[in-house]
Amino acid sequence: QQFGAPELLKAAEANLMTGNLPGADGLFQKYLGSSPSSQPARAAVDQAQWEFLTGRRKAAMARLENAIPQLDPEARSLALSQLSLWKLEIGDSQAAAALAEQAAQTAVTPANHALSTICRLLTVRPSDKSGSPIVDAYALLFARNFQGALPLLQSLYTETNPARDGQIRTLLAWAYVETG
């Protein structure tokens, strides 16, 4: 059976969830090969996200840092926001704040401006309530308050279209693992 890019990505994620990292990596490489993006820097971003998701954080951050200068401004802004969140997750709030500021300076669209603002908010006030469930969930996760994040993440998960729930599903799984 021939699979398209979305199906390959979901299959890779399914293999990862069952503990089959080599199988997941193989399917992810097929996904990268079938992706319509011809930009090598975009493929590097996708690979970095996969590496981070699969626990290879140091390699993921290095790959993303190397790809950022080659991206167009909007993709660069998104990548800077992503790297900001990763730095925040590993406890480097100073680097996270600087990256969020760079993301804001690079952003062109309102969506990327909003994302960089969320990243800056998380680096400055990680435990304040923002009024946005996803921002508050991230803040609780970064503050290592996994129990507090669970209700927000569970609610977001049930409200999110299954075709677009990868981020919420991953955050919810992280909170479940951390709370036993």
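Mentor: Let's start with A143, which is partly exposed because its relative accessible area is 43%; on this scale buried means under 20%, exposed over 50% and partly exposed in between, with a 1.4 Å probe and protein chains only. A143 sits in the loop between α8 (133-142) and α9 (146-159). Helices here are DSSP runs of H or I with at least four residues, strands are runs of E with at least two, and both are numbered from the N terminus. Before going on: this is a predicted model, where local features need pLDDT of at least 70 and side-chain atom pairs pLDDT 80 or more, while totals for chains, interfaces and linings use all residues. Residues are numbered from 1 along each chain as its sequence is written, and side-chain values use heavy atoms, with hydrogens and water left out.

Now hop from A143 to P40: they are 103 residues apart along the chain, and their C-alpha atoms are separated by 35 Å. Helix α3 covers residues 40-53, and it packs against α4 (residues 57-67) at an angle of about 160°, with the axes 8 Å apart. Those axes are lines fitted to C-alpha atoms over the stretch in contact, and the angles run from 0 to 180 degrees between N-to-C directions. On the α3 side, the contact (heavy atoms within 4.5 Å) is made by A41, A44, V45, Q47, A48, E51 and F52, and α4 brings R57, A59, A60, M61, R63, L64 and A67. Sorted by class, that's 10 nonpolar, 1 polar and 3 charged residues; Ala, Val, Leu, Ile, Met, Phe, Trp, Tyr, Cys and Pro count as nonpolar, Asp, Glu, Lys and Arg as charged, and the others, Gly among them, as polar.

E13 counts as buried because its relative accessible area is 18%. Leaving aside residues up to four places away in sequence, E13 touches W50 and R169.

Zooming out, the protein has 10 helices and 0 strands. Of its 180 residues, 39% count as buried. Among contacts between residues at least 6 apart in sequence, 44% join residues at least 24 apart. Finally, the C-alpha atoms fill a box of roughly 50 × 40 × 30 Å along the principal axes.
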